[in-house]
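This report is a first walk through one protein model. Please look over the sequence and the structure shown here before reading on.

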Amino acid sequence: MDNNQLSNDEKKLFFSIRTLRNSLQFSEDKDSLLNTVTVLSDDSYLSYQITSEVYDSIVRYSYEITNQKGKEKRKFINSRLVEVESELKDLENQLLKFLESNKNLNSPNLLLQKSRLEKDINLYTQLYFTLSDQRELAIIDEKDNTSSIFLLNPPEISAKEVGLNLFEGIFII
């Protein structure tokens, strides 16, 4: 604070940050996973505003993370769908050529080759449908605006003042 190179605004900002850091209290109950944010300040309305803003910031951050993960998942699945669809078309074309070139499938070798191609086609068809379902779920996650963070008790202005009142101070002395 005594640094002459800092402007008055920078000094006020530094003081505000230090005061806020000293007045914020965070606790977490490991058993219930309940988190508590408390702001102790001489100005109860300021404490209320800070607590409300902390909650809103946490919820916004949670939305952003969920939506970003959904977007990344959707992009990956879309690229994978293109690959699977291309492979499926190639397999179908291979089966078509195989059937056109082998009109009479009497040999066990030809039957086995046909069976393998059909099995691969079925596999890629199932994979395509599974990826399509997963893409829809990723789109839902990307657009999801529900929060996994719940406010149990809204911020409130405490009727009790911070610190000791006159009677408590005299009693302690």
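## Overall make-up

Of the 173 residues of the protein, 17% count as buried. The model is a predicted one. Four helices and two strands make up the protein, and along the sequence they follow the pattern α-β-β-α-α-α.

## Confidence

The average pLDDT of the protein is 83, and 82% of the residues score at least 70. Helix H3 has the highest confidence, with a mean of 93. The lowest confidence falls in helix H4 (residues 166-172), where the mean is 62. Where pLDDT is low, the predicted coordinates should not be read in detail.

## The strand pair

Strand E1 spans residues 24-29 and strand E2 spans residues 34-39. The two strands pair in the antiparallel sense, and six bridges link E1 with E2. Two of the facing positions can be named. Gln-25 has Thr-38 in E2 as its bridge partner, and Glu-28 stands opposite Asn-35 in E2.

Between the strands of this hairpin there are four residues. Leu-33 in the hairpin of E1 and E2 takes a positive phi near 60°. As a general point, side chains in a regular strand alternate between the two faces of the sheet.

## Helices H2 and H3

Helix H2 covers residues 44-101 and helix H3 covers residues 108-143. Their axes come within 8 Å of each other and cross at roughly 160°. Because angles over 145 degrees count as roughly antiparallel, H2 is roughly antiparallel to H3. The crossing of H2 and H3 is left-handed. In the contact of H2 with H3, the residues divide into 17 nonpolar, nine polar and 14 charged.

## Residues at selected positions

Ser-62 belongs to helix H2. Is Ser-62 buried or exposed? Its relative accessibility is 14%, so Ser-62 counts as buried, the cut-off being under 20%. Ser-62 lies 84 residues from Thr-146 in sequence, while the C-alpha atoms of Ser-62 and Thr-146 are 9.4 Å apart in space.

Helix H3 contains Glu-118. The relative accessible area of Glu-118 is 33%, so this residue is partly exposed. How far apart are the C-alpha atoms of Glu-118 and Glu-92? The separation is 8.4 Å, for two residues that are 26 residues apart along the chain.

Lys-143 is also found in helix H3. With a relative accessible area of 58%, Lys-143 is exposed, because the cut-off for that term is over 50%. From Lys-143 to Gln-68 the C-alpha distance is 9.6 Å, and 75 residues separate Lys-143 and Gln-68 in sequence.

Note on methods:
Residues are numbered from 1 along each chain as its sequence is written. This is a predicted model: local features need pLDDT of at least 70, side-chain atom pairs count only at pLDDT 80 or more; totals for chains, interfaces and linings use all residues. Side-chain values use heavy atoms; hydrogens and water are left out. Axes are lines fitted to C-alpha atoms, for helices over the stretch in contact, and angles run from 0 to 180 degrees between N-to-C directions. Angles under 35 degrees count as roughly parallel, over 145 as roughly antiparallel, 65 to 115 as roughly perpendicular and the rest as oblique. A crossing is left-handed if the near helix is turned anticlockwise from the far one by less than a right angle, and right-handed if clockwise. Ala, Val, Leu, Ile, Met, Phe, Trp, Tyr, Cys and Pro count as nonpolar, Asp, Glu, Lys and Arg as charged, and the others, Gly among them, as polar. Two strands pair if DSSP finds at least two bridges between them. pLDDT is the predictor's confidence in each residue, from 0 to 100. Buried means under 20% relative accessible area, exposed over 50%, partly exposed in between (1.4 Å probe, protein chains only).
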